[in-house]
Amino acid sequence: MSDFDINQVRRLDGGLLLVFRECLRRRKAQEAAQVLGLSPSAVSHALTRLRDLFGDPLFVRKPHGLVPTRRALELEPQVEALLQLAGAALGGREAFDPSTSQRVFRVSAPKFVTDLIGGRLLNALAAEAPGVLFTVEHMVQGRALEALRRGEIDLAVGRFAGGFGEHRTERLYEDRYCVAARRGHPLIDGRIDAQTYALAGHVYAMAGSETAGDENLPGPLEMTIVARAGAPHWMTVLVMVAASDAIATCPRRLAERHADMLGLQVMDPPFEPMRLAVEAVRRRRTDDPGIDWFLGQLRAAVG
């Protein structure tokens, strides 16, 4: 290592790296200061030192916040790796004890996923981790992945069409579409033929996070069906179907989970049902036993 390199390293400390990371995540100096417990002036001073150290502006101030330069984006994975290594060297992999933890897990997930697993997850946490809290927001794909990158959430759950970038993903569960109708329906009793399916009158979900662009189900493209109504979310659709003679083509796990409560019959459609996959996405460089544990709870809640 040259004398120049040694001098540069001497000027760099972990506090500067943390300021860099939070400014990159939050894109607002004031929010970075709040997260780090620093004053705005301390963050401003740290940014000045960082700019001098790297010979680049790193962030350009705009009315809506800080815009990272190309150099800042190039540095991001290297800085994150340094912080992860420093954390491992100083404290190792921090243990997570769910029975005593007071942690809050922040999740983005479509409403149909929350409606599927929310109740079971609450019961599991009450028994195993009474101090743990989780919050859920419904974000579209791009917003969820950006919030994950910025550290605003811990996990992004849903149906994603790639674009994970620096994140890593795992399959949470797979499902297929079914037909739901109320019990006691005058035309349907446990099974449905193509003619009844086409004419019964459909209620469908409209939110992109619910259908992920599945061509506004129901029915295959060559089938003409009678549509009665659209609602934002699948759970609202099922409530409407339970109180009417309309039907819905929806995720099977969700319909079966709430069939008894709503008085629904759940059956296969008169065609090969479309399949869907729900993914869980986390930051790639996060080695976090708490996230590992919480993901296990999510998988168990799917059933």
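Contact here means heavy atoms within 4.5 Å. Helices (H or I, at least four residues) and strands (E, at least two) are DSSP runs, numbered from the N terminus.

**Entry 1: ground rules.** I am working on a predicted model, where local features need pLDDT of at least 70, side-chain atom pairs count only at pLDDT 80 or more, and totals for chains, interfaces and linings use all residues. Residues are numbered from 1 along each chain as its sequence is written, and side-chain values use heavy atoms, with hydrogens and water left out.

**Entry 2: H2 against H4.** I looked up helix H2 (residues 14–26) and helix H4 (residues 40–54). Their axes, which are lines fitted to C-alpha atoms over the stretch in contact, come within 9 Å and cross at roughly 100°. Angles run from 0 to 180 degrees between N-to-C directions. That makes H2 roughly perpendicular to H4 (65 to 115 degrees; under 35 is roughly parallel, over 145 roughly antiparallel, the rest oblique). From H2, Leu16, Val19, Phe20 and Cys23 meet Val43, Ala46, Leu47, Arg49 and Leu50 of H4.

**Entry 3: H2 against H3.** Next I took helix H3 (residues 29–36), which packs on H2 at about 130° with the axes 8 Å apart. H2 is therefore oblique to H3. On the H2 side I list Leu18, Val19, Glu22, Cys23 and Arg26; on the H3 side, Glu31, Ala32, Val35 and Leu36.

**Entry 4: cores.** I then asked for nonpolar cores (buried Ala, Val, Leu, Ile, Met, Phe, Trp, Tyr and Cys residues joined through side-chain atoms within 4.5 Å). Buried is under 20% relative accessible area, exposed over 50%, partly exposed in between, with a 1.4 Å probe and protein chains only. The largest core has 44 residues, and Val157, Phe294 and Leu298 have the most contacts inside it. Helix H13 (residues 289–302) gives the most to this core, seven residues. A second, separate core holds 20 residues, among them Cys23, Ala33, Val43 and Leu47.

Entry 5: I listed what Val157 touches beyond four places in sequence; the list includes Val107, Pro110, Leu172, Val278 and Leu298. Strand S5 (residues 155–158) is covered on both faces. Leu155 and Val157 are buried on one side, Ala156 and Gly158 on the other.

**Entry 6: partners of S5.** Strands pair if DSSP finds at least two bridges between them. S5 runs parallel to strand S3 (residues 104–108), joined by two bridges. Ser108 stands opposite Ala156. With strand S11 (residues 275–283), S5 pairs in the antiparallel sense over three bridges. There, Val281 is the bridge partner of Ala156.
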